[in-house]
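Hello,

Here is the structure I said I would pass on. My notes follow below it.

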Amino acid sequence: MTAAGRPTGPGPAAGRSPGSPPAAELPEGSVSPPRRSGLRNPQRAVAGLGAGLLSLEALVLVLAIQPMRVVGGGLSAAAIAAVVALAVLAVLLAGVIRRAWAWSAGIVLQGALLLAGALHWSLLVLGVIFALVWVYALHVRRVILG
């Protein structure tokens, strides 16, 4: 016993993940149920991840206009319009990321950013970076939500 009156050492729940039934309740030879994520509201956590990523992408795109103009030269009005349109789309998707279709729209957004690489090489670099981060976010979403 600790000073607070709590027992020390392994108790009856030792070796179990939270939310899983005791070993006596599992049938012989069965596999234990999948572990829960431990999050209070997994849907909200995943939505926060997607919204944060899309917001960061929008910010990076808008802030990338000046370095693209200075470093790459030859920045056309079409490239600037594409960057602004993609940033606005990212912000709009961040606002509706709780809907299931918004994740698919995020994939389309990453593809559009990759295609914008035809307008300026740095957009292709940003597209590759954010596409990889988006793939990781989709992986995290699948692991947490199942």
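What covers the buried residues of α5? The cover includes α1 (42-63), α2 (65-72), α3 and α4, where helices are DSSP runs of H or I with at least four residues, numbered from the N terminus. The buried residues themselves (under 20% relative accessible area, 1.4 Å probe, protein chains only) are Ser122, Leu123, Leu126, Gly127, Phe130, Ala131, Trp134 and Ala137.

This is a predicted model, with pLDDT of at least 70 required for local features and 80 or more for side-chain atom pairs, while totals for chains, interfaces and linings use all residues. Residues are numbered from 1 along each chain as its sequence is written, and side-chain values use heavy atoms, without hydrogens and water.

Just after α5, Gly146 has a positive phi of about 90°.

- α1 and α5: the axes come within 10 Å and cross at roughly 175°, which makes the helices roughly antiparallel (over 145 degrees). The contact (heavy atoms within 4.5 Å) includes Leu53 of α1 and Phe130 of α5.
- α3 (residues 77-95) and α4 (residues 100-115): the axes come within 10 Å and cross at roughly 165°, so α3 is roughly antiparallel to α4. Among the residues in contact are Leu86 of α3 and Trp101 of α4.

Regards

How values were computed: Axes fitted to C-alpha atoms, helices over the stretch in contact; angles between N-to-C directions. Helix = DSSP H or I, 4+ residues; strand = E, 2+ residues; numbered from the N terminus. Parallel < 35°, antiparallel > 145°, perpendicular 65-115°, else oblique. Buried < 20%, exposed > 50% of the residue type's maximum accessible area, 1.4 Å probe, protein only.
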